[in-house]
Structure formats: structure tokens, C-alpha cells
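Open the model in your viewer and keep the sequence panel beside it. Each stop below tells you what to select and what to look for there.

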Amino acid sequence: MAYLIDSHTHLHDREFFTEAQATAMLANAHRLGVEQLICIGTNVTDSQAALRFAEANNGVFCSYGVHPEFAAQAAAPFTVTPSDKLVCIGEVGLDYHYPDYDKSSQWQLLEEMLQLAVELELPCSFHVREALPDFFSLVANFPKLKPSVLHSFSDSPESLALALDKGFYIGVNGLATFAHLDCYKNLTADFLDRALLETDAPFLTPVPKRGIINEPGYVKYVADYLAKKLGVSPDLVAEKTTHNVRQIFHLPDPGRSE
Ligand SMILES: [Zn+2]
């Protein structure tokens, strides 16, 4: 059985998980076949916490990034500490969901983060909500950006087709298992060439674990969902999505000591 990877989680965030909880959840993840995970930062302090957690645990990697919700407070210059554990820039992007969003600060921040990704030759984990047209036009100014992921994708089927056409990878999580998203309705098995699995824990707990806090091991249920949806085996989903994550983020073989 191929192993799984949780490509977007917040297990390092002590606002959501105690140290003891995080340790227990890492062990549970291994029991459920999840060998590697990427802890995603949402601001400078949180990204530092993700790095500390990754450096302390085998199989854990991390990102550096400032989420668009913090755009107004974010202050350049951004200094990234180099580490073998740092595998991406994220989560970064645009979010026009809440009525008081500030477009210009979000754009400026995203440009700075894209610049950083290009300089460091790292892929991005993108958070884009109700802002895909603007996102696509902004990201087009960075042709050297490495193949990157649209995390927690929930836009229209047309937008999904466009995102795939533009070369993006798609992060699928528990949202797909309970929100009856249109974009995942008519998928075929070749979607696996561009799909990544994630939990976004502690959020978006997948069916059949709704009602409790999400954790990296539950990426298994997202794999099961996608397998059923596509009419393929969970093993094939694991094999393909793990291949994609390792390729984009250059993760080492989990059998090798890090
Ligand atoms: Zn997230």
C-alpha cells in the first residue's frame, strides 16, 4: 500500500493543538499510513513555529508565508531562514470573501510572496477565495514560478478546468466530502495526475469524522472519498497523489533518515 501525505496542515499551531495532542496525532497519522506532512504558515510568527515543529519531527516539512487575511498588518522585508525542512511558500493568495477586505494590500503582499518564491525557487501553496480571475492575472506576471498548488479548491467546474489548463495542482480536502462541490462532480481518473491530498487540520474534518477536530491522519478519508468518486482503488489515489506532492515539494524518501 502506497503511503499518504498531508500536503497542507496546521498541526504546529499551538492555538489549535497542544504539544501533546500534536505528538499523538503524528503517531496516529503514521498508524493510518500518512508518512509525511507539510505544516503551512499563515504569518511570520506562525511560519517560525512551523519550522521549529518540522525540525523537531521526522517526516514533517514546512512553509513560509503570510495569509491574505494578514495583508494589512504584514510588513516587508520578509526574511526566510533556509532549512531542508522548508519546502514551499504559503499559504499566500487572495481572499475577497469578507466584505472588509483590502484589495491593494492583498495584491502587494501576494506580489512580494511570489517574488520570494521565484527567488528561492520554491513552489507555492495558494489560498484563493472568490478571487480567481485577479489571482490568475497577477500570477501570470511570474512566469518563473515553480508548479504550485491551489489549496482547498472549491470554485466552479469552469474555474477548475482553467486552473488545470494553467498548470496548477489542486489540493483536495474534507470540504469535498461534505460540501457537494460542483467542481468535483464529473471528474475522471486523469484528475489524479494533478491532485494533492490535504486536511487543512484543524479545519474541514472529512466525512466520516465530522463533528470532531481534524488531524493529518484523516487525509486517509479524503483519499477514500476520491477513490470512490473516481471509481479507482484508494491505493491508486495514494500512489498518484503522493507522487505529485513529492515531485512538487521535493520531499525525500520517507524510508531515508532525514
Ligand atoms: Zn490552511
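**Before you start**

This is a predicted model: local features need pLDDT of at least 70, side-chain atom pairs count only at pLDDT 80 or more, and totals for chains, interfaces and linings use all residues. Residues are numbered from 1 along each chain as its sequence is written. Helices (H or I, at least four residues) and strands (E, at least two) are DSSP runs, numbered from the N terminus.

**Stop 1: the whole sheet**

Select the strands. 8 strands form an open sheet in the order β1-β2-β3-β4-β5-β6-β7-β8. The pairing is parallel. Two strands count as paired if DSSP finds at least two bridges between them. Now look at the edges: β1 (4-9) and β8 stand there, each with a single partner strand, so one side of each has no neighbour in the sheet.

**Stop 2**

Select β1 and strand β2 (residues 34-39). They run parallel and are joined by 4 bridges. Isoleucine 5 stands opposite glutamine 36 in β2. Between the two strands the chain passes through helix α1 (residues 19-31), and this β-α-β crossover is right-handed. To check the hand, point the strands away from you: in a right-handed crossover, the path from the first strand over the helix to the second runs clockwise.

Stay on β2. How many of its 6 residues are buried? The count is 5, so β2 is largely enclosed by the rest of the structure. A residue is buried if 20 or more other C-beta atoms lie within 10 Å of its own, exposed if 12 or fewer, and partly exposed in between; C-beta atoms are placed from the backbone.

**Stop 3**

Select strand β3 (residues 60-64) and strand β4 (residues 86-95). They pair in the parallel sense over 3 bridges. Serine 63 stands opposite cysteine 88 in β4.

Show helix α3 (residues 103-120) next. It lies across β4 and β5 (124-129), and runs at about 160° to β4. Axes are lines fitted to C-alpha atoms, for helices over the stretch in contact, and angles run from 0 to 180 degrees between N-to-C directions. Two residues are in contact if their C-beta atoms, placed from the backbone, lie within 7 Å.

**Stop 4: around β7**

Select strand β7 (residues 169-172). Which way do its residues point? Tyr169 and Gly171 point one way, Ile170 and Val172 the other, and all are buried.

On one side, strand β6 (residues 149-150) pairs with β7 in the parallel sense over 2 bridges. Valine 149 has tyrosine 169 as its bridge partner.

Next, show strand β8 (residues 195-197), which pairs with β7 in the parallel sense over 3 bridges. Isoleucine 170 stands opposite alanine 195 in β8.

**Stop 5: two crossing helices**

Select helix α7 (residues 219-230) and helix α8 (residues 234-249). Their axes come within 8 Å and cross at roughly 115°. α7 and α8 are therefore roughly perpendicular (65 to 115 degrees) to each other. The contact is made by Ala223, Asp224, Leu226 and Ala227 of α7 and Pro234, Val237 and Ala238 of α8.

**Stop 6**

Most residues other than glycine have a negative phi, and most peptide bonds are trans. The next selections depart from that.

- Select serine 152, in the loop between β6 and α5. It has a positive phi of about 50°. Serine 152 is buried, with 23 other C-beta atoms within 10 Å.
- Select histidine 180, in the loop between α6 (175-178) and β8. Its phi is also positive, about 50°. Histidine 180 counts as exposed, with 9 C-beta neighbours inside 10 Å.
- Select alanine 201 and proline 202: a cis peptide bond joins them, with omega about 15°. Proline 202 sits in the loop between β8 and α7.
- Select valine 207 and proline 208: this peptide bond is cis, with omega about 10°. Proline 208 is found in the loop between β8 and α7.

**Last stop: phenylalanine 203**

Phenylalanine 203 lies in the loop between β8 and α7. With 15 C-beta neighbours inside 10 Å, phenylalanine 203 counts as partly exposed.

Key
Parallel < 35°, antiparallel > 145°, perpendicular 65-115°, else oblique.
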